[in-house]
Amino acid sequence: MVVTAILLCVVLLGFALDTINKRHMRLAQKTDGSDSSNNNKDSEKPIEMIESPKAESQAEGRHLSERLFDQIWKAKLWLTASKPGNIIEKILLCFSWKTNASKISNTKQSSNSIKCVHGLRTLSMTWVIMGHSLTSAVYKLDNMSVFLRLTKQWTFYPMLRAIYSVDTFFCISGILVVYGALAKLESTRNTNKPAAKSPKFWLYYYYHRFSRKHTLDSCRKYWWTNILYINTIYPKSIGDTCMGWTWYLSDDTIFHWISPLIILPLYWKPIVGLVWTGILTAGGLAIRFGIAYTKDIAYSDHMTVPAPGSEILYFHPAGRITPYLAGMATGYLLYKCKGKTVKLHWALVISGWLTCFITLGSLIWGLYGNAINEKATTPTGDIVLQTFSNLLWAIAICWIVFAGQHGYGGVVNSFLSWKGWVLPSRLSFGAYLLHPIIFLWVEAATSETGTTTHLSDHEIRWQYLLHILYGLHYNNVRGNTIHEIGNCVYKALSKLNHTLWYLYSSACKLRGYLGVICGTCNCL
């Protein structure tokens with residue numbers, strides 16, 4: 001409560017300061033632009049109009065308002081050490097919801113931006129939350145047999161492959177870091193202080209990343225590993241880490257730290273940089289192959305119950321770097337082709353999209369037949385999938401980005417580049433940090449009441465929507481009105497969920513009765 005109260009006060013101060021600054025700027029512009037015109041107009045007005053009581057009262061009111069605002073402005077300067085734009089003011093303005101809301105809701109994008117990234121990021125985060133909704137519900141099921149049956153439905157099966165959503169994020173991060181860094185380096189190539197040789201540029205490169213991704217944790221033992229972003233390297237077990245779901249931040253930050261070792265060769269000697277990227281990719285594949293071969297890890301083990309060694313494949317940066325490297329290579333190609341017309345033969349475009357769809361579909365539903373027949377994969381198949389699956393997924397995503405950026409994306413790129421994805425894409429990082437906390441909160445609440453989860457295929461989807469809704473409700477509670485509205489909507493959706501479950505159960509029973517009748521009458 002104390003932390004919430006402090007944050008609320010800071011937000012209100014930031015909003016007030018932002019409002020005062022903008023009003024001061026409007027008054028200054030109005031004064032500068034109207035002095036000369038007002039003098040000319042006043043000289044042309046009749047004397048009796050200027051001296052009318054109504055005009056005098058209005059002028060006096062304006063003067064009083066301006067004097068009052070002058071006092072507020074002086075107080076503001078005093079509070080911020082009489083220096084507009086100092087560090088205190090900048091910190092407070094960071095919490096102004098007025099400015100932040102306008103920036104977040106602005107869907108305008110530059111012509112050189114990679115527009116389809118917003119759609120990929122939003123859909124991937126949705127997939128992550130769907131997968132976590134499933135795993136958070138599995139431990140409190142009262143009908144595990146239903147869950148096992150649902151895993152054999154092809155519409156439900158992709159939820160078991162949410163692991164690939166993380167590879168999409170790594171791939172996007174690699175694309176953007178190279179695409180942005182090379183553009184900055186090229187803009188200063190012929191200047192007296194090229195950014196490639198500037199310590200200041202590289203210090204800001206690391207600081208900017210640290211300040212954007214940094215989160216403080218209150219874990220007692222390993223909190224410092226989160227601050228240094230080494231929590232996927234130490235401690236060795238991911239179960240001992242602080243806020244275990246932040247493992248992605250650690251890997252992504254480590255990749256960002258070592259990215260100049262690839263960016264600079266790509267900038268100075270592109271051929272050397274691409275060969276170096278290929279060597280690192282081969283090294284990442286070798287690490288995954290070695291772990292999968294020596295530890296004998298089944299392809300799906302690390303998605304359910306972690307097997308020995310599977311944590312390296314899933315959490316350790318050495319096991320997850322290949323999608324990032326694929327993204328970096330694609331980012332270089334996008335940078336070199338920026339502003340140019342790329343002509344691809346129609347056969348190559350069709351082949352690229354067919355390969356992309358086949359790859360994505362195979363990685364998601366390739367083992368669906370094994371799940372139906374309850375048949376395990378072969379050891380050789382496990383090794384191949386563990387070694388190449390993440391990289392193949394990233395290559396397919398890279399094709400979607402590259403083809404869409406150069407006019408070969410068709411309806412796929414139009415869908416992913418829709419402006420409606422921009423807002424949730426910008427909020428996806430907050431959703432990533434917050435949604436596991438909401439899961440833990442809901443789990444604690446249900447544990448106190450002894451509530452269990454009765455799972456169905458629509459149950460998990462409604463649970464996902466309820467988590468999103470209650471997360472927004474929890475973050476935006478600023479009074480009893482919003483609190484009550486959130487509770488009412490939550491209860492209404494819960495009742496609708498139970499109603500749908502009742503109808504679904506009734507339909508299943510009716511189908512069973514009809515089956516018995518039809519079987520008796522020999523009509524089937």
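How do helix 12 and helix 13 lie to each other, roughly parallel or roughly antiparallel? Helix 12 covers residues 260-268 and helix 13 covers residues 270-295. Their axes are 5 Å apart and cross at an angle of about 150°. The two helices are therefore roughly antiparallel to each other. Axes here are lines fitted to C-alpha atoms, for helices over the stretch in contact, and angles run from 0 to 180 degrees between N-to-C directions. Under 35 degrees counts as roughly parallel, over 145 as roughly antiparallel, 65 to 115 as roughly perpendicular, and the rest as oblique.

The model is predicted: local features need pLDDT of at least 70, side-chain atom pairs count only at pLDDT 80 or more, and totals for chains, interfaces and linings use all residues. Residues are numbered from 1 along each chain as its sequence is written, and side-chain values use heavy atoms, with hydrogens and water left out.

Stay with the helix pair. From helix 12, Leu 261, Ile 262, Pro 265, Leu 266 and Trp 268 take part. They meet Pro 270, Gly 273, Leu 274, Trp 276, Thr 277 and Leu 280 of helix 13. Contact means heavy atoms within 4.5 Å. Nine of the residues in this contact are nonpolar, two are polar and none is charged. Ala, Val, Leu, Ile, Met, Phe, Trp, Tyr, Cys and Pro count as nonpolar, Asp, Glu, Lys and Arg as charged, and the others, Gly among them, as polar.

Now the whole chain. It has 22 helices and zero strands. Helices (H or I, at least four residues) and strands (E, at least two) are DSSP runs, numbered from the N terminus. Of the 524 residues, 40% count as buried. Buried means under 20% relative accessible area, exposed over 50%, and partly exposed in between (1.4 Å probe, protein chains only). Among contacts between residues at least 6 apart in sequence, 79% join residues at least 24 apart.

Ile 397 gives an example of such a residue. Its place is in helix 18, residues 379-405. Ile 397 is buried, at 5% relative accessible area. Leaving aside neighbours within four places in sequence, Ile 397 touches Leu 120, Thr 168 and Cys 171. Leu 120 is 277 residues away along the chain, yet the two C-alpha atoms are separated by 8.7 Å.

Which charged side chains pair up? The count comes to two salt bridges, each a side-chain nitrogen of Lys or Arg within 4 Å of a carboxyl oxygen of Asp or Glu. One joins Arg 320 and Asp 167 at 2.9 Å, N to O. This pair links distant parts of the chain, helix 15 (residues 317-336) and helix 8 (residues 163-187), 153 residues apart. Arg 320 is buried at 1% relative accessibility, and Asp 167 is buried at 0%. The other joins Arg 189 and Glu 186 at 3.0 Å. Arg 189 is partly exposed at 36%, and so is Glu 186 at 33%.

Helix 8 also holds Ser 173. Ser 173 is buried at 13%. Beyond its neighbours within four places, Ser 173 contacts Arg 209, Asp 252 and Tyr 324.

Last, the loop between helix 10 (223-227) and helix 11 (247-258), where Pro 235 lies. A cis peptide bond joins Tyr 234 and Pro 235, with omega about 0°. Tyr 229 sits in this loop. Its phi is positive, about 60°, although it is not a glycine. Tyr 229 is buried at 3%. Met 243 is found in the loop too, with a positive phi of about 50°. Met 243 is partly exposed at 23%.
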